[in-house]
Amino acid sequence: MNKIWNGQIITMKLWSLLWILMERRKRIMMQRLSMGENALQILRTTRSGEPLGRQPTIEKFPQRHAGAPIHISGTTAFESYNNVLQGADNVWAPFVSHIDYEVAKWAKRHGSGSTAFSELLAVEGLHDALGLSYRNTHELNQIIDQHLPYRRPHFKCEEIIVADEAFDVYSCNIMEYVKTLYSDPEFSQHLNYTPEHHYVDANKTIRMYHDIHTGEWWWSTQKELEAKKPGATIIPIILSSDKTQVTMFRNKSAYPVYMTIGNIPKEIHRKPSQRAWILLAYLPTSKLDHITNKAARCRTATNLFHACLHHILEPLKVPGKDGVAMVSGDGVVRQGHPIVTCYSANYPEQLLTTGIKSGECPKCDIPHEELGSPDVPVQLRDLKAIISALSLECGIKPIFKPFWLDLPHTNIFQSITPDVLHQLYQGIVKHLIKWIKEAYSEAEIDARCHRLPPNHNIRLFLKGISNLSRVSGTEHNQICRFLLGIVIGIRLPGNLNNARLTRAIHAILDLLYLAQYPCHTEQTLALLDDALTRFHDNKDIFLDLWIRSNFNLPKLHGFHHYVHMIKMYGTTDNYNTEYTECLHIDLTKDAYRATNHKDKYSQMTLWLERWEKILWHNNFVRWHLVDMDYCRAIKMTKHPTVKHVQLDRIVQEYGTTFFTAALARYVVRRNHPEAAHFILPFDTVATFHRIKFNTINAHGIQDSSVTMDSVHCQPSQEDKRGYMIPACFDTVLVNEGNGGIMGMDGYCVAQVHVIFTLTNQASNVLFHAGPAKPPTHLAYVEWFTPFQQPELHHGLYKIGQLIRHGEHLASVIDISDIRRSIHLIPNFGAVAPREWTSSTILECCSTFFINSFSDRHAYLTIV
């Protein structure tokens, strides 16, 4: 069984942690809004002293028959699979050996191609040396096709008639796919069968929202079903569609439709490697060039889309209403009701799905000219009115028969979900960056980007951001991490006050990060509304600068629906299109590359079936043989980067002016507080140039494959071509002894110059008398000034280098006191000094701002 999220231990601690973090952030937010001292005092004492690890209070659905088992079949999915294989004692069957199986798995999952693999096996003596049961790709495919059971339905090519023309659609029976996901033994112990209300407190006053089953939709729909069909188990269907290019040239495209079920926790289905999202169909990609009238062509394309999805989703109608027996991976049978719950798509796909005209909101009835207003009351579009008068009164395109017309318990206008990738990163953030470039000098913006100090979580755009084209969502994400910091202090045209623009940018970034929280409470949702209000209060600065004439942007208006949608369907990571974008690579682009580009879909679907067979068989073999992470642990390499460095070299190359004095002071303070003089009994140390921070998984095991953060401290050096690589000494957050798991109390910022270890002999001499275990790795750091209150307009902490008598204050610390790396944004002033560079900025600049947007962990904890 894959070691995936443990839903009853770690997530409870995460929810509780997130709740406390949100309480801390709310206090800071209200401080920024200049709340009265009395209100602040109430907030400080509301939840004082509550334990971090407490479990949430869970309110079960009141009718006990909901989601109840009908009976137990007695046979699990893997046992059924084993019975079909009939491999006797050979766990690798139908392959003859472990090597035979591993080579086959490599060929289908990572191989370079069928021809190359056949040529590799044709090398003289290779086949016999490995003892393989196949000599080429054709023989391997025969074994997979004839001897490996396929648990998922086969793709079928069927014709759809639209406007007297036939179109091919490749799809699987959706009910069979639902049963396949529901019965997967990898998911069986994690499935949610009934709705629940989760609360932070025992009095059930503060709701929590995370997975879909904690939202209001499942609870209300369960009530409707229980009145008609007692004992129902809802199976929420989440759909996603998005046309994508499969080649860089020649404009070849594919139109995949993906699906998953909401019973699977989001911590599983948001990871593509868990295969909880599956390919449901390839829709036609015809451009309909033979239809010369543009309006007729658009109308035909819309009707073709709806006709295809109507055909694909037809098998859900009767089971969704009457129910069907469903067997989970552990052999338990329940009465399942598959219901289309969420449709995850970008804005053009949302319009295509709902039939709404471009420029309108696909969810509510707000007029286009009022999209930028925060005060206009809106209502969800009336499904019944739209069904009765599709194109007459409701602003809907003339669709012959929408696919959602008669789906049970489905309101498509409610099912359209927020889209973090396209709506936020590729929408609002894209607009924001454009507005900033128009408000300020592009040369000044690029100069500041070029001079930011390096950090593990920050990508440096050394050529600036003004000339970027075709910017991806990932790049917009990376730009967001320093966007606020680089505009602080820049003068606006006409000497307009920069504070309003800074507050507007800060509000947008708060919206962006709050919208992606993996767990929400009533308080954090209030913060989301508050951030939107703060943006509307300050957005007129863009009008004053003549950058915008209005804010009638559907993607900006979409923020108004976030709170409602999170309450209905849980947090946005349940239905983020970012996850299905990753599927394009494995299930569409790789599949296309495996074809000869002729009759592509039949070859793509056959390749996918073989690929799925190998993946399923791999899970079976592992069974037979028997990721938001906030916990992290330090990982050091087994061997030092440099084994022996003379102390005088430490001072010269690593910039550790007071190394011997700082180390002596550390030893005296730790083990010899009575010593008046102390001489170090060695003249070399071993140095390390990097600290890694790995995640701790749900089983409490450090996962060395995932590096969440890192700290570099490397002197300048020459590369192989003779160019000098500048020195890099990162800044970190250091626990001074009383720091907690959140907030800045008890912490200070320092710059790490060298990480080193002592020899066993030296360590025994220096620390033999101490009660504690001798430290393994030490760091020489130079300190920055303590934290004060965050700045009013942008909310960032301001610090400076800590200087005493003209010298940096330095210490030696145990690296276990380092909590994480920290990114500092220089206080550039009105114009960034051109002599500053990214590699020298920490020495040249005297004051900095703490970047709380460098990553989500920083945003949650730096409050």
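Which backbone oxygen lies 3.0 Å from a polar atom of the side chain of Arg448? The backbone oxygen of Ile488 does; a polar contact is a pair of N or O atoms within 3.5 Å, where within protein one must be able to donate a hydrogen and the other to accept it, and residues adjacent in sequence count only if both atoms are side-chain atoms.

The model is predicted, with local features needing pLDDT of at least 70 and side-chain atom pairs counting only at pLDDT 80 or more, while totals for chains, interfaces and linings use all residues. Residues are numbered from 1 along each chain as its sequence is written, and side-chain values use heavy atoms, with hydrogens and water left out.

**Overall composition**

The protein chain contains 30 helices and 32 strands; these are DSSP runs numbered from the N terminus, helices being H or I of at least four residues and strands being E of at least two. Of its 863 residues, 57% are buried, where buried means under 20% relative accessible area, exposed over 50% and partly exposed in between (1.4 Å probe, protein chains only). The accessible surface of the chain comes to about 37,400 Å², and carbon and sulfur atoms account for 51% of that surface. Such areas come from the Shrake-Rupley method with a 1.4 Å probe; for residues, only the protein chains shown count as cover.

Arg448 is placed in helix α17 (residues 442-450) and is buried, with a relative accessible area of 0%. Beyond its neighbours within four places in sequence, Arg448 is in contact (heavy atoms within 4.5 Å) with residues including Ile486, Ile488, Phe828 and Ala832.

Leu525 belongs to helix α20 (residues 522-538) and counts as buried at 2% relative accessibility. Leaving aside neighbours within four places in sequence, its contacts are Tyr209, His520, Val563, Ile566 and Lys567. Leu525 and Leu514 are eleven residues apart in sequence, with 8.2 Å between their C-alpha atoms.

**Nonpolar cores**

In soluble globular proteins, nonpolar side chains tend to be buried together. A nonpolar core is here a set of buried Ala, Val, Leu, Ile, Met, Phe, Trp, Tyr and Cys residues joined through side-chain atoms within 4.5 Å. The largest one has 168 residues, and Met259 and Phe542 have the most contacts inside it. Another core, lying apart from it, has 42 residues, among them Ile691, Phe693, Cys713 and Val812.

**Aromatic rings**

Rings of Phe, Tyr and Trp (its six-membered ring) pair if their centres lie within 6.5 Å; planes under 30 degrees apart count as stacked, over 60 as edge-to-face and the rest as tilted. By this rule the count comes to 26 aromatic pairs. Two of them are tabulated here.

| Pair | Centre to centre | Angle between planes | Arrangement |
|---|---|---|---|
| Trp217 and Tyr569 | 6.2 Å | 40 degrees | tilted |
| Phe659 and Phe756 | 5.0 Å | 65 degrees | edge-to-face |

Trp217 in helix α9 (residues 216-228) and Tyr569 in helix α23 (residues 562-569) are 352 residues apart, so that pair links distant parts of the chain. Trp217 is buried, with a relative accessible area of 4%, and Tyr569 is buried at 1%. Phe659 lies in helix α27 (residues 659-671) and Phe756 in strand β24 (residues 747-757), so their pair ties together parts that are 97 residues apart in sequence. Both Phe659 and Phe756 are buried. One aromatic cluster is formed by Phe95, Tyr101, Trp106, Phe117 and Tyr134.

A charge sits over a ring if NZ of Lys or CZ of Arg is within 6 Å of the ring centre and within 35 degrees of the ring normal. Arg334 lies over the face of Tyr193, at 3.6 Å from the ring centre, and Arg819 lies over the face of Tyr747, at 4.9 Å from the ring centre.
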